[in-house]
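The following exercises concern a predicted model. Each task is followed by a solution in steps.

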Amino acid sequence: MQDWDNLRIFLELTRSQGLVDAARKLGIDHSTVSRRMKRFEQQVGSQLFDRNNHGYKLTAEGYRLVEYAEKIESTVYAAAEQLGGQNSKLSGQVRLGATEGFGTFVLAPHIAHFCARNPHITVDMLPMPRFVNLSKHEADISVSIERPLSGNYVVTKLSDYVLKLYATREYLEQHPPINEVSDLSRHNFIGYIDDLVFSEELRYKDTVAPDAFRAFRSTSVVAQYTAACSGHALAILPCFLAQQSDKLVPVLPSQISITRTFWLVAASEQRHVARVSALWSYLRECIELNRDFLMGQAPAMQSLR
């Protein structure tokens with residue numbers, strides 16, 4: 001294992017869709033990647049990949065090596081930051097991952113303001129309908145709806161937020177009345193695709209109206225919100241998202257109110273890099289200012305001055 005560059009190639013191959021994709025990202029020929037991995041397996045004395053028509057799949061030994069390789073990679077990144085003098089400078093790039101609705105409708109306006117205040121920092125934001133993988137360096141900071149249970153991370157609670165049941169006024173006027181929760185079984189819902197839900201925290205429809213039919217399903221909460229605004233079905237949505245529309249009104253608001261939590265997460269070696277720390281602190285300040293908005297108790301967001 002004396003050729004440490006093989007670890008870099010090994011990690012990229014585990015993260016890419018296949019040999020060609022890994023080679024493209026590494027900037028070398030795919031035959032070189034294949035040859036280097038065969039030699040690497042000989043050096044470590046274990047088969048790291050199962051090779052088949054679908055690509056490269058890690059073996060049990062390969063998974064064990066990933067943990068050690070990522071620690072080495074993280075140490076190298078941290079050393080490069082320190083030795084390059086970038087750790088103390090408010091400049092450079094920060095990548096922020098977030099859930100789709102929160103990233104698009106809440107974080108994006110604040111991030112634009114942060115960039116205006118810090119003209120030498122570039123923020124790449126990834127609003128996604130899935131978790132962002134910090135261990136694979138997809139981002140420096142992430143906002144997650146689940147607290148990580150393992151890994152070398154710094155984690156803090158960002159805020160609770162509330163979801164309610166929403167419909168348009170036209171929908172409520174044209175469909176059977178909803179006076180209690182049991183009435184919901186007669187109505188169509190908009191929701192997530194069961195086998196593609198990326199977190200158990202999103203399975204709230206089954207608690208609110210398990211017998212109701214989901215006429216439209218999507219992995220995207222933004223798509224659900226847009227569909228709800230069309231006025232053909234009910235949807236359980238975060239208040240911070242539904243309140244963006246003057247068409248949507250809460251349904252049974254005193255009976256249906258679901259609380260979830262956003263967590264702010266960063267890899268331990270990245271947390272105290274100056275630009276990462278600046279964005280981390282800014283996000284906490286912005287969200288604290290808008291806690292009532294996230295809880296559905298304020299009609300609009302506030303911005304830091």
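**Exercise 1.** Determine whether Phe102 is buried or exposed, and classify the ring pair of Phe102 and Phe262.

*Solution.*
1. The relative accessible area of Phe102 is 1%. Buried means under 20%, so Phe102 is buried.
2. Phe262 also has a relative accessible area of 1% and is buried.
3. Among the 12 aromatic pairs counted in the model, Phe102 and Phe262 form one with 4.0 Å centre to centre and 25 degrees between the planes. Planes under 30 degrees apart count as stacked, and this pair is stacked.
4. Phe102 belongs to helix H5 (residues 100–117) and Phe262 to strand E11 (residues 258–267), so the pair ties together parts 160 residues apart in sequence.

**Exercise 2.** Classify the ring pair of Phe105 and Tyr225, and state which elements hold the two residues.

*Solution.*
1. The ring centres lie 5.7 Å apart, with the planes at 70 degrees. Because planes over 60 degrees apart count as edge-to-face, the pair is edge-to-face.
2. Phe105 is in helix H5 and Tyr225 in helix H8 (residues 221–229), so parts 120 residues apart in sequence are tied together.
3. Both Phe105 and Tyr225 are buried.

**Exercise 3.** Describe the packing of helix H1 (residues 5–15) against helix H2 (residues 19–26).

*Solution.*
1. The two axes come within 9 Å and cross at roughly 130 degrees, which means that H1 is oblique to H2.
2. The crossing of H1 and H2 is right-handed.
3. From H1, Arg8, Ile9, Glu12 and Leu13 meet Leu19, Ala22, Lys25 and Leu26 of H2. These contact residues comprise 5 nonpolar, no polar and 3 charged.

Definitions and conventions
Residues are numbered from 1 along each chain as its sequence is written. This is a predicted model: local features need pLDDT of at least 70, side-chain atom pairs count only at pLDDT 80 or more; totals for chains, interfaces and linings use all residues. Side-chain values use heavy atoms; hydrogens and water are left out. Axes are lines fitted to C-alpha atoms, for helices over the stretch in contact, and angles run from 0 to 180 degrees between N-to-C directions. Helices (H or I, at least four residues) and strands (E, at least two) are DSSP runs, numbered from the N terminus. Angles under 35 degrees count as roughly parallel, over 145 as roughly antiparallel, 65 to 115 as roughly perpendicular and the rest as oblique. A crossing is left-handed if the near helix is turned anticlockwise from the far one by less than a right angle, and right-handed if clockwise. Contact means heavy atoms within 4.5 Å. Ala, Val, Leu, Ile, Met, Phe, Trp, Tyr, Cys and Pro count as nonpolar, Asp, Glu, Lys and Arg as charged, and the others, Gly among them, as polar. Rings of Phe, Tyr and Trp (its six-membered ring) pair if their centres lie within 6.5 Å; planes under 30 degrees apart count as stacked, over 60 as edge-to-face and the rest as tilted. Buried means under 20% relative accessible area, exposed over 50%, partly exposed in between (1.4 Å probe, protein chains only).
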